[in-house]
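Here is my note on the two-chain model, point by point. Please read it alongside the structure.

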Amino acid sequence: MNVLHFVQAFFSDGAHWHGYDGIPTRLMEHLTYSLEALALAAVIGLPIGLVTGHYNRGGTTLSLIATAGRALPSFGLLVLMTILIGFGMTPVMIPLVVLAIPPILVTTYEAVRSVDPSPVDAARGMGMPESRVLFQVELPVALPLILGGLRSAAIQIVSTATIAAYVSLGGLGRYIVDGLYQHNYEKVVGGATLVAVLALLTLGAFWAVARIAVSPGVRRSG
Amino acid sequence: MNRFFDIPSDLQHSWLGLIGLHLREALLPVLAGLVLALPLAQLCVRFRWLYPPVLWVTTVFYAIPSLAFFVVLIDYTGQTELTVMIPLAVYSLVVLVPAIVDGVRSVPQETLAAATAMGFGPVRRYAQVQLPIAVPAIIAGLRVATVSSISLVSVGMLIGNQGALGNLLHDAQIYNRPELAWNSVLTTAVLAVLADAALVLVRVLLTPWMPSGGRGRRPKPAADRPEPAAPALKDAAR
């Protein structure tokens, strides 16, 4: 009996494909939580990163925020919030968003700040207003790095949303946590496989988005 | 305040004992990751074609959630500390390899030529020229690996109380004592910040030729940016 055997047993059991504890339901739950958290973090992190990067200010503050955000243990925060607020979506969203903001914020800031100054100067010389310099010159050039930051945030959210099953949230982590308590190793390994596959699909999705969204000129030079 | 440090006896450790355990479970993997990453990175520098596939494999490993990694290992190493430490070592390795490769590659060609002209063999050139110049990049990688490792140890609580300070979270729930959860979160965060600061100090000591302001300092025009690192792999707390 090795791990692959358990995985095979999990996926071939028809009972795992239906109902509220079925794979489709849990997968949708996981995706919903992850997308909501990523959207919230992006709404907060992207504008601040773009503006601070454009004006090249606040680097010290941002790196402090990033260090603090990284230092906070997301799992601990999750349990603490659950104890303080009670069960529900809010205590789960707080750690997920706190977790995702630093990579988005810092990468966006670094990406916009380190854009080659000559095209930026050229754009100003042509009379572009600052907002167009930011959105039509700096943003396209910085896009690969910004997407990289969003990607690492997304992967962390997908992983941490798994742990959220411990505080009675749905999602794919349900299988792992329930399986551990029920001493049902088949379920544990099946859940772990699903989460890993979802994380890899996230990687793939970002790769595809980068292929489509990044301008060919930028891709060639990068 | 007394109850804050009053650790339930089922954890079999004092507060300080938990801190020691936590540091051991978090730092040993980083050390193991560093020991493995140095030769691997050197191979990637030496054979350029090796780097893209290595980067792909490490990115894929990095995407695997810690809990999934832990539980799959239970079948092989049981519900032990080792089960927590192996994934953390892998994550550290994944963060460190690109950091070291980028650092070593950023050594200017003239510097290498000068070292060769002075009669340095490949080993001495690596140890005395390339590694010291790559120190800022390596430390940048170590900082990310260490901080995330300290944060991730807590998740080990889920696989049979192997999470050191994270175990307090479980006790906080079953004994209905929120202050234990506060204790866990705050202590872990302080440990992470202190470890981070210690690494910055190590960098300042090891690279006396660099400005000590760190990355917060406004960059001087293009020339030498304080800490080159791979931005895509910068964060790891999950």
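**Notes on the model**

1. Among contacts in chain B between residues at least 6 apart in sequence, 70% join residues at least 24 apart. Two residues are in contact if their C-beta atoms, placed from the backbone, lie within 7 Å. This is a predicted model: local features need pLDDT of at least 70, side-chain atom pairs count only at pLDDT 80 or more, and totals for chains, interfaces and linings use all residues. Residues are numbered from 1 along each chain as its sequence is written, and chains are lettered from A and ligands numbered from 1 in the order in which they are written.

2. Chain B has 8 helices and 0 strands. Both are DSSP runs numbered from the N terminus: helices are H or I with at least four residues, strands E with at least two. Of the 238 residues in chain B, 43% are buried. Buried means 20 or more other C-beta atoms within 10 Å of the residue's own, exposed 12 or fewer, and partly exposed in between, with C-beta atoms placed from the backbone.

3. Look at helix H6 (residues 122-153) and helix H8 (residues 178-206) of chain B. Their axes come within 9 Å and cross at roughly 170°. Axes are lines fitted to C-alpha atoms, for helices over the stretch in contact, and angles run from 0 to 180 degrees between N-to-C directions. H6(B) and H8(B) are therefore roughly antiparallel (over 145 degrees). The contact includes B:Val135, B:Ile139 and B:Leu142 of H6(B), and B:Leu191, B:Ala195 and B:Leu199 of H8(B). Its residues divide into 12 nonpolar, 3 polar and 3 charged. Ala, Val, Leu, Ile, Met, Phe, Trp, Tyr, Cys and Pro count as nonpolar, Asp, Glu, Lys and Arg as charged, and the others, Gly among them, as polar.

4. The contact between the chains takes 48 residues from chain A and 41 residues from chain B. H7(A) gives the most to the chain A side, with 12 residues. That side has 30 nonpolar, 15 polar and 3 charged residues.

5. Two phi values deserve a look. A:His183 is not a glycine, yet has a positive phi of about 50°. A:His183 lies in the loop between H8 and H9 of chain A and counts as exposed, with 8 C-beta neighbours inside 10 Å. B:Asn161 also has a positive phi, near 50°. B:Asn161 sits in the loop between H6 and helix H7 (167-174) of chain B and is partly exposed, with 16 C-beta neighbours inside 10 Å.

6. Chain A averages a pLDDT (the predictor's confidence in each residue, from 0 to 100) of 88. In chain A, confidence is lowest in helix H10 (residues 216-221), at a mean of 74.

Methods:
Parallel < 35°, antiparallel > 145°, perpendicular 65-115°, else oblique.
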